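Visitor: I'm new to this one. Could you walk me through it?

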Amino acid sequence: MTKALTLALSLLSAPAWADWQINMNKGVTALSREIFDLHMLIFWICVVIGVAVFGVMFYSIFKFRKSKGAVSEHWHENTTVEVVWTVIPSIILIAMAIPATATLMDMYDTSEADVEIQVTGYQWKWRYQYLDEDIDYFSNLATPREEITNEASKNPNYLLEVDNPLVIPANKKVRFLITANDVIHSWWVPHFAVKKDAIPGFINESWVKVEEPGVYRGQCTELCGKDHGFMPVVVEVKSESDYQQWVSDQRAMKLAMAGEASKEFSMDELVAKGEGVYNTACAGCHQPNGQGIPGAFPAITGSTIATGAIDAHVDIIVNGKPGTAMQAFKEQLSAVDIAAVVTYQRNALGNSVGDLVQPNTIQN
Amino acid sequence: MATVDVDLPHVKEDDPHHHGPARGLGRWLYTTNHKDIGSMYLIFSLCMFMIGGIMALIIRAELFQPGLQLVEPNFFNQMTTMHGLIMVFGAVMPAFVGLANWMIPMQVGAPDMALPRMNNWSFWILPFAFLILLSSLFMPGGAPNFGWTFYAPLSTTYAPESVTFFIFGVHIMGASSIMGAINIIATILNMRAPGMTLLKMPLFVWTWLITAFLLIAVMPVLAGVVTMMLMDIHFGTSFFNAAGGGDPVLFQHVFWFFGHPEVYIMILPAFGIISEIIPTFARKRLFGYASMVYAVASIALLSFVVWAHHMFTVGMPLVGEVFFMFATMLIAVPTGVKVFNWVATMFRGSLTFETPMLFALAFVVLFTIGGFSGLMLAIAPADFQYHDTYFVVAHFHYVLVPGAIFSIMAATYYWLPKWTGHQLNETMGKIHFWLSFVGVNITFFPMHFVGLAGMPRRIPDYALQFADFNSMASVGAFIFGFSQLVFIYNVIQNVRVGEKATAQVWEGAQGLEWTLPSPAPYHTFSTPPEVK
């Protein structure tokens, strides 16, 4: 029936077929297909029970109308019938729960993983740390603000695109260690049937083994504050050789970045770079114009920190402010990025302090 | 329910020595009359339903199209949070308490509630609780924005300052509910007319008795969890703060230990209402009265051991997942029994379809659909795909809107002639029903689809693939929302004018309340009736 309905809908609006998706994604792993089958099994059980119950109900509604001269009978209990319709559903439910338990056991078997990745939720981005490689980066929403505010037309991956996707190898068991830095988040990729809450102070486990390379998109699924709707998950599954290539590229990039941190930058260079960093890392709370949200997030424009001593300004960005939504950015941003964004905040957004900070002083 | 044969010493209760209501505002401020207090609860609930409904329409207007159009994400979160809190604690629960106040004394043959002064107090603290909660919308930082489930640490360390007012408001609502529940239990256990044994009580009375015990059991747990939040926020404790050695998952366990019985608090009285209405319009006694009572009692007991099915993705041990999956599926058995009994009541009856019956029939069908999606959600492995998506939103709105709220509307139409003394305007009632029925399904059915396709709940903006069904849901929401103006019109008109109602009102109605004249006098059953 689902297929027929989908087909009927696709005929109605052929160009926008994907817009009318009405069922769960089957997914791209053995486990996700198993879960899909469970979903369809319980769905059809419900359909059968529904047809039977509603069938009798609508039959009664049409047949036993007073307007058709129906006269009510006087019986009002029947022990046999009542026992039957208590016992049969119980049996159906137990029969249903047994395969579900088997699937659960598969989901919980995180042993013998080939690759291990720690996934950490931050307000409102994901951090991916490869435990066996020296790879550690953040993944931010990449959808331009103009698309969200309807000033530009929306691209097909609207809100489901990031700057740095998670990269994993195909045909390898990848184990995720999921936690959070601030509030509770939840990491979900529908095509993997992997959804696990990211909870500060806890490390949850999950795993995936994807057969085919491809790009898979999901979202945070636990309300985590203002930009909960704007922290997508994008996973790029690469073939084994492409994955190895990517790993060595990441290493090379890391070396290049370390070299850059010792360079001297001009004010214009820092401000220009800082604007991009600000829009990715800061504008979510402090707003693109630096005005903040009164009562929730302070303004940058005219703030005592952004117009006061530069060391204190650097310090709050590097170490954050415990007990508030202000995160420590030392893990998220490179020294160059921190120098750039500090300089930008002091010399743009309505501020004009006139000083700048170089990346090499941040490192110390 | 056993047939109630009543032996009334004198049916005519409006003798001159029975004083009527006081005049002016004082009548409402100082009243200890169960009918006045019941009316105030119902009017209060209707106001909250409208305020919560406006918030729902703001949410649906923003979600009409992808992109941010009307509100900022932070305000959107305030709307989803306040909509949930107001509908649960302000609309559904007070409406059931209002119906209990009006009907329970009349259904058990009591002159009033057992504790009339406490009754007055438990109502009058409610408006203040909600004024406090609503005033947070105008505070710096805005209203609570962490969802009606207020998971820590989003609701503690990361909350707006108004969270303290929210905690105070929840305490007052909880006190009101506990007092209401004590009153209902005291009334039912002590003030039944001679001859009305427990197993002769109408089902609305039975379901409320069980609901009241649930309330007494879990409202203190809610008070406990918000107090722990208060301590974390202001007194330096770390119950839910991992950095201080606390446990954010503990919050969820405590919250859902309250929260799951809470959802039955919002549906058991509805079961009672439907079990009154269907026999009336089928002109046939309720099928399986005793099994109905046992089913409600077992649902209530099971509700204490299923809480963690709201938490399948928090990383519970495997045995925990399996236990909560099996326990949750068990609830489907007594719930199924109730639905089968309602259908069996209709089978070989003599049915008519007045407005209350239409709402009751819609309840049976749509609540059952909500039950089916509940059964699907109970399958723990599949829940990893459903959890926190619009599939869940569709599920609980199916059990709460065409479930709880349709039952409240059915009850209002069913007993309104008894309250006002005027027959219903059936045409207007049917217009309201059909608009609501169509609106509710256009709103919530597509949410199953976007949820399965992968749309998370509580997001102010969404990917393009979800656009079409979201527009559809928004259109439905406006149809449903505005059709409630018809409901308000119907009720006001019925209070003002209408054909004089008889004592019996509905041909097939059974029970003590129908032995009283319509409108029911200000004081009823001053002399208890005899139930044989």
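Guide: Let's start with one residue. Gln385(B) counts as buried, with a relative accessibility of 4%; buried means under 20% relative accessible area, exposed over 50% and partly exposed in between, with a 1.4 Å probe and protein chains only.

Visitor: Before going on, what kind of model is this?

Guide: This is a predicted model, in which local features need pLDDT of at least 70 and side-chain atom pairs count only at pLDDT 80 or more, while totals for chains, interfaces and linings use all residues. Residues are numbered from 1 along each chain as its sequence is written, chains are lettered from A and ligands numbered from 1 in the order in which they are written, and side-chain values use heavy atoms, with hydrogens and water left out.

Visitor: Ok. Which helix is Gln385(B) in?

Guide: Gln385(B) is in helix α12 of chain B. Helices are DSSP runs of H or I with at least four residues, strands are E runs of at least two, and both are numbered from the N terminus.

Visitor: What does Gln385(B) touch?

Guide: Leaving out residues up to four places away in sequence, Gln385(B) touches Met24(A), Asn25(A), Ile35(A), Trp188(A), Pro190(A), Ala193(A) and Lys195(A). Contact here means heavy atoms within 4.5 Å.

Visitor: And which side chain does it make a polar contact with?

Guide: The side chain of Gln385(B) makes a polar contact with that of Trp188(A), at 2.9 Å. A polar atom of the Gln385(B) side chain also lies 2.9 Å from the backbone oxygen of Pro190(A). A polar contact is a pair of N or O atoms within 3.5 Å; within protein, one must be able to donate a hydrogen and the other to accept it, and residues adjacent in sequence count only if both atoms are side-chain atoms.

Visitor: Zooming out, how many residues does each chain put into the contact?

Guide: Chain B contributes 96 residues and chain A contributes 94 residues. Between them the two chains bury about 8300 Å², 70% of it on carbon and sulfur atoms. Buried area is the accessible area (1.4 Å probe) that two parts lose on being put together, summed over both.

Visitor: How many residue pairs are in polar contact there?

Guide: Between chain B and chain A there are 25 residue pairs in polar contact, both residues at pLDDT 80 or more. On the chain B side, α3 (73-108), α7 (248-265), α10 (318-346), α11 (355-378), α12 (380-386), α14 (426-453) and α15 (467-496) each supply at least two residues. α10(B) gives the most to that side, with 15 residues. By class, the side of chain B that touches chain A has 60 nonpolar, 23 polar and 13 charged residues. Ala, Val, Leu, Ile, Met, Phe, Trp, Tyr, Cys and Pro count as nonpolar, Asp, Glu, Lys and Arg as charged, and the others, Gly among them, as polar.

Visitor: How many salt bridges cross between the chains?

Guide: The rule finds two salt bridges across the interface of chain B and chain A. A salt bridge is a side-chain nitrogen of Lys or Arg within 4 Å of a carboxyl oxygen of Asp or Glu. Glu507(B) forms one with Lys66(A), the closest N and O atoms being 3.0 Å apart. Lys66(A), Arg283(B) and Glu507(B) are linked in a network of salt bridges.

Visitor: What's the count over all chains?

Guide: The count over all chains is 17 salt bridges. Among them, Arg175(A) and Glu205(A) meet through their side chains at 2.5 Å, N to O. Arg175(A) lies in strand β5 (residues 174-180) of chain A and Glu205(A) in strand β8 (residues 204-208) of chain A, so this pair ties together parts 30 residues apart in sequence.

Visitor: Is Arg175(A) buried or exposed?

Guide: Arg175(A) is buried, at 18% relative accessible area, and Glu205(A) is partly exposed, at 31%.

Visitor: Changing topic, what domains does chain A have?

Guide: The domain assignment of chain A, from an automatic or database source, gives domain 1 (2-107), domain 2 (115-258) and domain 3 (263-363). The centres of domain 2 and domain 3 of chain A, taken over C-alpha atoms, are 25 Å apart.

Visitor: How many residues are in contact between domain 2 and domain 3 of chain A?

Guide: In chain A, 13 residues of domain 2 are in contact with 14 residues of domain 3. The two domains of chain A bury about 970 Å² between them, 55% of it on carbon and sulfur atoms.
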